[in-house]
Structures are given as C-alpha cells and as structure tokens.
Amino acid sequence: MKVLWSQEIYSYAMMEMGLDSPDLPMGEEVLQNFIETVNSTKETGMNAMAVWSDFSQRWFTLLHSTRPFIFRDHQDIAEHAADTLESVRDTTLASHLVGDLTGSTLDDPLFDRYKKLGCSISPLEKDTNDYKMILKYLDKTYEPVKVGAFSYSVSVDSIFAVEPSACPSYDEIKRLPNKILLWHPKFKFDEAFEKRVLASYMFSPSTRGIVCSDAAAEAARHGFTAVDRPEGFLVLAVASLGDQVTEFKSPPEETKPLEEKQLGVKGLGRKVPDENEHVFWKDDIKVPCGRLIPSEHKDSALEYNEYCVYDPNKVSLRFLVGVKYEEKDVEMDTEE
C-alpha cells in the first residue's frame with residue numbers, strides 16, 4: 001500500500017520522463033489531429049519536415065519537457081508522444097486518487113485510499129498451488145531485461161490476488177470460451193505495431209484494445225523502473241479470445257473491422273512458449289508456461305506472441321506480481 005500511495009513515486013516517474021507538469025490540456029486531441037494530418041498530407045522534403053516541426057513545437061508547448069526535440073516519424077510518435085501521454089495520464093489519475101495523505105479522514109489514510117481504489121488485494125501464501133504456478137510461468141517465459149550494456153534478472157518478492165471492481169469477476173470470465181492466462185504489460189500495442197496500429201487506432205474515439213503477452217519477458221520490459229529503484233510489478237490477467245482468433249505476423253492494414261467485430265487478435269512472435277509444457281488452471285484456463293523456443297515465424301515483427309482483446313468485458317485482472325530486478329554477473333565487493 002505504501003508503494004501504491006506514495007506521491008514521491010509519481011513525482012519521481014515524472015522526473016524520469018523529463019516532464020515538468022502532469023497537466024495535459026488538449027494533448028490527446030492535438031495528437032489525434034496531427035496523426036490525421038500526417039497520414040493525409042502529400043508534402044515531401046522540406047515541407048514535410050516543416051509539418052513535423054510545427055507539431056513538435058505545439059506538442060511540447062502543451063507537454064512541458066526538459067528534453068524537447070523534433071519528431072521525425074511514426075516511431076517517434078509512438079515512443080515519445082503516445083506512450084508518454086498514456087503514462088502521464090495514468091500517473092495523473094493515480095496522483096489525484098492518492099491526494100493529500102496528511103488530510104483528516106475518519107479511517108486510517110492508507111485504508112481510506114484503499115477503499116477508493118475499488119480493488120481487493122490479498123497476498124498469496126507461498127505454499128499454494130497458485131503461487132507455485134505463477135513462479136513456474138514467470139521462470140519459463142522470462143528472458144533478461146537489457147538496459148544498455150547491462151542485463152537484469154528478476155526475483156519474486158510477493159504475489160497478490162486482485163479483484164478489481166472495474167473488471168469482470170472471475171465467475172463471469174470463467175463462463176467465456178477460449179480462456180488464457182496472460183501477462184498484461186500495458187494498455188498499448190507493442191512497438192512493432194506502432195506504425196499503423198498505435199498511431200492510427202489507439203487514440204481514436206472508439207474503444208481501445210487491451211494487449212497481453214504469453215511471455216513474462218515482454219511484461220518485464222515495461223515493469224522495469226530504474227537501476228536505483230529495482231522493484232516493479234507485473235500483472236496477470238485472464239483473457240477470453242472468443243471462438244474466432246485472427247492471427248498476424250505483420251501490422252494489419254486496418255484495425256477498425258477487428259474492433260467492430262470484437263475479434264480476438266494474436267500477433268505471432270519469433271519466440272513462443274513450448275506447447276508441450278502448457279498446463280490448464282482451474283475452469284479450463286490455459287497457462288502457456290512452456291520454455292521459450294524459436295517459432296516458425298522467423299521474419300515476424302514481434303519477438304514474443306501478443307494478444308489483443310477489443311472487448312474489456314473479456315479481460316479480468318487476477319494477479320499482481322511484485323518483482324525485484326537484479327543485475328546479472330555482478331560481483332559484490334565485501335571488503336571494508
């Protein structure tokens with residue numbers, strides 16, 4: 001609870017992103033309008049550069065940054081505009097929910113905020129089958145996170161069962177077909193899909209897709225915080241992919257039909273969990289906890305499988321996994 005309700009954590013996150021203010025007036029509208037402009041413009045050369053330069057200046061006027069620069073392509077938009085906007089929006093929401101813990105409340109300040117969270121959080125005992133299953137899933141589908149020249153492994157500190165009021169309950173989700181337990185890194189598409197999917201779809205007025213992966217390695221990339229703050233959280237969710245799953249190994253040209261039909265979507269990765277090691281959790285929920293092996297899709301844009309569900313009523317968050325990132329192959333000097 002102290003981690004969730006610390007304003008210092010949110011301030012630190014803003015500083016790491018090089019941002020001065022969490023307020024984003026019209027940021028989403030400006031980004032959406034620019035995406036429509038750049039996708040329809042016929043300008044080339046210096047005129048095209050002027051379009052990108054104008055947007056960059058307007059963007060950083062709204063989003064005050066200590067590191068402004070000129071956007072040059074869709075990848076820059078995905079990584080440094082769309083992703084940043086998503087992170088700031090989440091941080092702002094969480095910060096406002098926490099509020100001022102020094103104010104007077106009838107209950108303990110932490111318990112008062114816990115009630116506002118609208119989500120029950122219960123620790124799992126280490127000798128339970130669920131705890132052991134999650135440890136196996138993490139161990140089998142994890143690969144070291146690389147930050148520059150360094151690699152980081154993870155160890156599990158604790159695991160919590162969660163029941164968010166905003167998600168379908170377990171009783172509701174277990175009645176749906178084709179269920180699978182997946183790592184839920186973030187409410188965004190993988191970078192390999194950003195050119196057409198993230199830039200053209202993510203900020204449309206319609207419902208956003210919820211993206212998960214069957215590799216803990218993918219979730220760990222997003223869960224990594226900073227070298228001096230090695231603690232992080234990974235999320236496990238049960239997703240119902242439905243009776244019809246559409247598969248891609250390259251970005252789809254159009255995502256509107258997928259959303260309108262609310263089809264389950266699977267991006268085929270270059271590495272997949274070994275199907276021979278998959279198991280089933282309770283109520284026929286598949287757990288793809290096999291070791292990662294090369295797939296037949298060697299030219300895929302994705303390193304790991306990704307799944308997208310367009311109907312939020314088909315995804316239920318179940319577990320919060322507290323992890324600690326540890327630098328590999330480091331010899332500690334114990335001499336005084």
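This is a predicted model: local features need pLDDT of at least 70, side-chain atom pairs count only at pLDDT 80 or more; totals for chains, interfaces and linings use all residues.

**Stop 1: an exposed loop residue**

Select Asp299. With a relative accessibility of 57%, Asp299 counts as exposed (exposed is over 50% relative accessible area, buried under 20%, partly exposed in between; 1.4 Å probe, protein chains only). Asp299 sits in the loop between β12 (292-294) and β13 (302-304). Strands here are DSSP runs of E, at least two residues, and helices are runs of H or I, at least four, numbered from the N terminus.

Local features need pLDDT of at least 70, side-chain atom pairs count only at pLDDT 80 or more, totals for chains, interfaces and linings use all residues, and side-chain values use heavy atoms, with hydrogens and water left out.

**Stop 2: helix α6**

Select residues 129-140. The 12 residues of α6 should span 16 Å at 1.5 Å a residue, and the end C-alpha atoms are 16 Å apart, which agrees (expected span: 1.5 Å times one less than the number of residues). Which residues of α6 are buried? Colour Tyr131, Met133, Ile134, Tyr137 and Leu138. They cover an arc of only 165 degrees around the axis, so they are on the same side of α6 (the arc is that of the directions from the helix axis to the C-beta atoms). An α-helix has 3.6 residues a turn, so residues three or four places apart point the same way. Turn to the face away from the buried side: exposed Asn129 and Asp139 are there.

**Stop 3: salt bridges**

How many salt bridges does the whole structure hold? A search finds seven (a side-chain nitrogen of Lys or Arg within 4 Å of a carboxyl oxygen of Asp or Glu).

- Select Lys140 and Glu277. Their side chains meet in a salt bridge, 3.3 Å from N to O. Lys140 lies in α6 and Glu277 in the loop between β9 (269-273) and β10 (279-281), so the pair ties together parts 137 residues apart in sequence. Lys140 is partly exposed, at 30%.
- Select Lys271 and Glu303. This salt bridge is 3.3 Å, N to O. It links strand β9 to strand β13, with the partners 32 residues apart.
- Salt bridges that share partners join Lys140, Glu277 and Arg291 into one network.

How values were computed
Residues are numbered from 1 along each chain as its sequence is written.
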